[in-house]
Structures are given as structure tokens and as C-alpha cells.
Amino acid sequence: MTVQRLSGPFVRLAAALAVAVAAAPPARAQIITNGGFEAGFAGWTRQDQLGSNGTFFIQSGTTSPSSGTAVPAPPGGTQAAMSDSVAPGSHVLYQDFVVPTFAINGGSVRFDVFVGNRANAFFAPATLDFSTPTLNQQARVDIVSPAANPFSLAPADVLANLYQTAPGNPLVSGYNTVTADVTSLFLANQGNTLRLRFAEADNVFMFQFGIDNVIVAVPEPSAVVLCGLGLLAGAARRLRPGRRIIRGALVLTAALAAASAAPAQVVLNQIDTFESGMANWQNPAGLASVQAGGPGGAADHFLQVGNDGSGSGSGSLLITFNQSQWVGNYTAAGVSAVEMDIKNFNYGPGMAVRIVLRTGTGGQFTPAYVSNAFALPADGNWHHAAFPLTAANFTAVNSPPPFANVLAGANADFRILHNTLAQEIGASTSPTAAILGIDNIHALAVPEPGTLTLCAVPLAAAALRRRRHSA
Ligand SMILES: [Ca+2]
Ligand SMILES: [Ca+2]
């Protein structure tokens, strides 16, 4: 029995299921462990070239870990990884990951980097070897073959260069977000292990290379998709000539009913990058759109939310809401914080950005919890905002049930808004049209889970694959 033999209503129903599947929210899975370094170097490997001074350290506060140089604070949480030394050296920091076999709709790598080159120039020879007469003063980020020497820059070993300092760059720059599209690389490597490598070499003068908020994300098929495909496969196996159409129709009707009844559900490590549309975010006046020029640069898309400056009506509310992948049981999902990159384009007084969990989808008297505000200055820069999902960080509005109940699923609407007061609607008091940019809305566990939790499943799967291959 092959799928090609199925015909008529079965095919039409399969097409309908495919459409339903395509319309499902594109949740994105984070496939790297401890990308924020809040659990130290769990999941990461460090290596220093023989004879090096210094290494990659865990860095907190505003002083570099070895030379005591002034550096910016970690952009996410309280810890970042940072190379530092008081003498020449070459250092790498890497993590291996398996490209999911469902990575068919793209992949992206995102990270924040700080560059503190205390020499008077960058020097970028095609080597990470510091112990040569050639001047070498550079940092770079690559995806490399895990079989290669960790310091290799051989073209056959470097599968993708995601970032590199170059002569002429600013010598010292605060944390900047780098976003790279690795879709073609992931498509060519489904099921393969790849290595994300951060490297810094210096033999001229001190060089700090800071890293935080590392995300390797792939669109994840929703539970609905998996359920639907599983039923399809089951149907194909069970069908017999003559009865195949009726059986197929019954099975697919059940699958579609299950799909429409399945509640939306927040998933740990999901991230909305807005690279393929609005990701189910809405705005009452339609003043939300996807624009280019996000935190990752000119090609990075973000959600732009507007306020029409009228001072009244829904267009005056600086707000966006989601009733899909950002509602559900945060407790069961293990999500204890929501983080995002936000930018205030033009609102001089500064924005008070909050997240809101509402218990329903009704009017402005819907019971809700409103978070404390993140103060967003009108400086034209992207800022990384973290909202811990703890009762202490929220204000009850309109007499909601206990916070724990709302977090555990008694919610139907998730909002991001600007309001100087804790309200479940946005401010309608901005005297001019105001624009808020939002990107990389990320569901996190804080403190981040250890290596074992996150790696157990992928490692077991990888082990199984290896065993099968070697059998
Ligand atoms: Ca961090
Ligand atoms: Ca984006």
C-alpha cells in the first residue's frame, strides 16, 4: 500500500490537513544548551592554544575577568562568557548540536557580542595561531565540523562564518546582536552534528570578546502537525482496497477535529523572530506590521507596533496581543521568564513596557496580571528586556484568581504594551504617534536548566542513530 494509490476525497482531505498544518503557528525551538551562560559553562567546551595566557571566563558586572578592564554588563541575566588575558593567547568556546531532522523551514543563529580590542588595530590572518611573528588580533564566530581541530580555519572545516572582526572596525563596541540565516546549511545537514565556535586570538595587546544570549533556532512542527502526520501514516497502513476512501475520510476527519480542538500552548524556548511574518501577534487598530532593520541588522525583521497619536480610540493604544503560542500552561512548560529585544523609535518621555497575562479576551475590565515596567529610553537602540514570571513582578488588576493559577493555564491573552501605570490595556496618553519595535520574544527557564535535562533527549536520539549506522 502506497500513498500514491489513495485518491479522491482522501487526497482532498489530506490537502485540507496540509493547509491546516501550514497555518499552525511556527513555534521555534532553541537547540543549544545554556546559551545565556547563567549556568556557567554547562554544555560548553573551552580550549586554549598551548602557551596561551587567559581563557574564556564567566563574567559578571562591569569589569573584565582577568585584566580588570571596564566592560559592559551582560545583556541577558547576570552572566556572560568573555575571553580575557594579560598576555597573548588564542581561545575557543564551542558547543556541538544536532540539526533536527525537521529543520526543513530554516534555521537561524543569534548571539550578542562585545568586542574590546585594546590594541590600535585588528589583524585578521587566516589562522587562530597566536604564536607566530604574524600579527593576529581578531575574533570570529563560525559553524565548523566537529571532527576538525577546534582552532582550524581550513576552508573544508569552516562550514559557515557568522561573524568576524575586520581591520577598520571600531576597536571597542558595546554588545551588538548578530543574527545569521543558516537555512541552507541546516537543510544539507539534517541529523548531523555541527559545532558553533566562538574564537578570539590576540598577540598585539589585550582583547576581550564577550558573548551572551546564544540562540540556535529552527521552526518546530507543532503537536498538531505531528499528530496529523502520525494519523496519516497510520491511515495509510490500515487502508484496504475498496474501503480505503471511507477509512481515510474517518481518520482524517478525526485528525482535523483533534487539530481544531487542540489548545494553543506556550513551549519552553520558543522564540518569535518575525522572519516569516507576524507570528499571530495582533493590534486592535491594525497598527502592527513586520519591518526590516531589527536588532540583527538591516536584514533582520521585527514587529513594529504603532500608536496613531489621536489620544483616543483603539489606534491610540500602544499595544500588541497574542492568543496563540503565548497562552497556555507556563508552569507545565517550565517557562519562568519571557525576554525580548525592544526599541523605542521616537517617544521622548520614554516607554514603560510591560507584559500582561489576561484571564479572558473581553474588554478592559478583564482580570489580568500586569508586569513591572521595563524603562525603555527613546535612544534609538535595541534593548534586551527580561520579565520574570513571578508573582512579585506582577500587579493584579480587576481581581484575577491567584497568580499561580493564571500562570498554570487560566489565561487567554498575552499582551505587550506601554503604560506608565499597571493596566491591562496600553497607554492612550502618548501625545504623538509612538512606535515600539519588538523582536526575539523568547520563553525561558530561569535559572536555565543544566546540561543533562536539555541534552538527554537529543543525545539519546543521536546515540540511537549512531548505533543504527554502525550496525
Ligand atoms: Ca547571560
Ligand atoms: Ca527578527
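Reply: The chain has seven helices and 24 strands. The model is a predicted one. Of the 471 residues of the chain, 44% count as buried. Among contacts in the chain with a separation of 6 or more, 77% are between residues 24 or more positions apart.

The strand to look at is β23, which covers residues 413–418. Six of its six residues are buried, so β23 is largely enclosed by the rest of the structure. A residue counts as buried here if 20 or more other C-beta atoms lie within 10 Å of its own.

Which way do the residues of β23 point? D413, R415 and L417 point one way from the strand, while F414, I416 and H418 point the other way.

Next come the pairing partners. Strand β16, residues 319–322, runs antiparallel to β23 and is joined to it by four bridges. Strand β18, residues 351–358, also pairs with β23 in the antiparallel sense, over six bridges.

For comparison, here is another part of the chain. An open sheet of five strands has the order β2-β5-β10-β7-β8, and its pairing is antiparallel. Its edge strands are β2 (45–48) and β8, each of which pairs on one side only. Neighbouring strands of this sheet are turned by 20° against each other on average, with direction ignored. Inside that order, β7 and β10 (residues 193–202) run antiparallel and are joined by eight bridges. One facing pair between them is I143 and L196, the latter in β10.

The loop between β7 (137–144) and β8 (158–164) contains P155. Is P155 buried or exposed? P155 counts as exposed because it has 8 C-beta neighbours inside 10 Å, and the cut-off for exposed is 12 or fewer. The C-alpha atom of P155 is separated by 9.8 Å from that of A126, and the two residues are 29 residues apart along the chain.

To return to the strand in the request: β23 has six buried residues out of six, with β16 and β18 as antiparallel partners.

How values were computed: Residues are numbered from 1 along each chain as its sequence is written. Chains are lettered from A and ligands numbered from 1 in the order in which they are written. This is a predicted model: local features need pLDDT of at least 70, side-chain atom pairs count only at pLDDT 80 or more; totals for chains, interfaces and linings use all residues. Helices (H or I, at least four residues) and strands (E, at least two) are DSSP runs, numbered from the N terminus. Two strands pair if DSSP finds at least two bridges between them. Axes are lines fitted to C-alpha atoms, for helices over the stretch in contact, and angles run from 0 to 180 degrees between N-to-C directions. Two residues are in contact if their C-beta atoms, placed from the backbone, lie within 7 Å.
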